[in-house]
Amino acid sequence: MYKGDAALKILIITVAGMSTRFSESLGYACLKCLYYQNSIEESLLYKILHHNVKFDYYVVVGGFMFEELSSVIAKYFQEFEDKIVLIQNTHYQDYASGYSLYLGLEQVQGMDFDEIVFAEGDLYVDEESFQRIYNTPNNVITCNQEPIFANKAVAFYLDRNDGIHYIYDTNHHALEIKEPFIGILNSGQVWKFTDPERLRQAITDVTKQEWQGTNLALIQKYFGGIRKKDYEVVTFREWVNCNTISDYEKIKELSRNNS
């Protein structure tokens, strides 16, 4: 299945979460990355897989409604048949987002990869910005242009030495920074790793307990202490975190305007 010794470009997409807020806003249980009103092309997963870039492998980590995810991929995404690696996260209810990322990274450790892009599967981002992520030879962190509120944002700040620090309150109450900083941004929740050895070391450094928490444990260990010249910040022109049906309608409107 894997391409021998060729250096690979891999996209990891995590869609294991229970879509609780989206299902509540819709009125029935639904895996939001698959939701559409008229055709599969309207779904978030379709949009992510059909960015105008070419990865060697697409690692999709599912959990909630996994059988439906598997069936939809087999039915509607046959063009990716030899490129999609579908993984089941059986701990989608009791572990947080870090474990899905762990499973995706575990799957690719035996591959001779050159770079990995990791994207959370409930996002809509504009095509131009995603292509910037794909085309740059450097590591990438992303941000969006929305205001930062503790009840919904994952943020990161730059300390006085341009060091990167991610902050997030699982209780959605308040964010706290205990040192001087030169900037704070709203995370775009997409990252690019271009240093395989640094990534492997970061994976080793994350504890078993940390993997059961948010994916920020791995992100922080990889990007924490990285030199400014070794990463690029990409600001999304358009970015929507799809948590409710109203977010989905916003994505539909943006897609319509860009078509």
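Modeller: The buried residues of helix H9 are Ile245, Asp247, Tyr248, Ile251, Lys252, Leu254 and Ser255. Here buried means under 20% relative accessible area, exposed means over 50%, and partly exposed lies in between, with a 1.4 Å probe and protein chains only. This is a predicted model, in which local features need pLDDT of at least 70 and side-chain atom pairs count only at pLDDT 80 or more, while totals for chains, interfaces and linings use all residues. Residues are numbered from 1 along each chain as its sequence is written, and side-chain values use heavy atoms, with hydrogens and water left out.

Helices (H or I, at least four residues) and strands (E, at least two) are DSSP runs, numbered from the N terminus. H9 covers residues 245-258, and its 14 residues should span 20 Å at 1.5 Å a residue, which agrees with the 20 Å between its end C-alpha atoms. The expected span is 1.5 Å times one less than the number of residues. The cover over the buried residues of H9 includes helix H1 (20-26), helix H2 (44-49), strand E5 (123-125) and strand E11 (239-241).

The loop between E11 and H9 holds Asn243. Asn243 counts as buried because its relative accessibility is 14%. Apart from neighbours within four places in sequence, Asn243 is in contact (heavy atoms within 4.5 Å) with Arg21, Phe22, Lys32 and Asp122.

Most residues other than glycine have a negative phi. Met65, which is not a glycine, has a positive phi of about 55°; Met65 sits in the loop between strand E2 (57-62) and helix H3 (66-76). Asp162 also has a positive phi, near 65°, and belongs to the loop between strand E7 (155-159) and strand E8 (164-167). Met65 counts as partly exposed because its relative accessibility is 26%, whereas Asp162, at 19%, counts as buried.

Finally, the interior. A nonpolar core is a set of buried Ala, Val, Leu, Ile, Met, Phe, Trp, Tyr and Cys residues joined through side-chain atoms within 4.5 Å. The largest such core has 40 residues, and Ile10, Phe193 and Leu218 have the most contacts inside it. Helix H8 (residues 216-223) gives the largest share of this core, six residues. Leaving aside neighbours within four places in sequence, the contacts of Leu218 include Leu101, Leu105, Phe193 and Trp211. A second, separate core of 35 residues includes Ile40, Val53, Val72 and Phe80.
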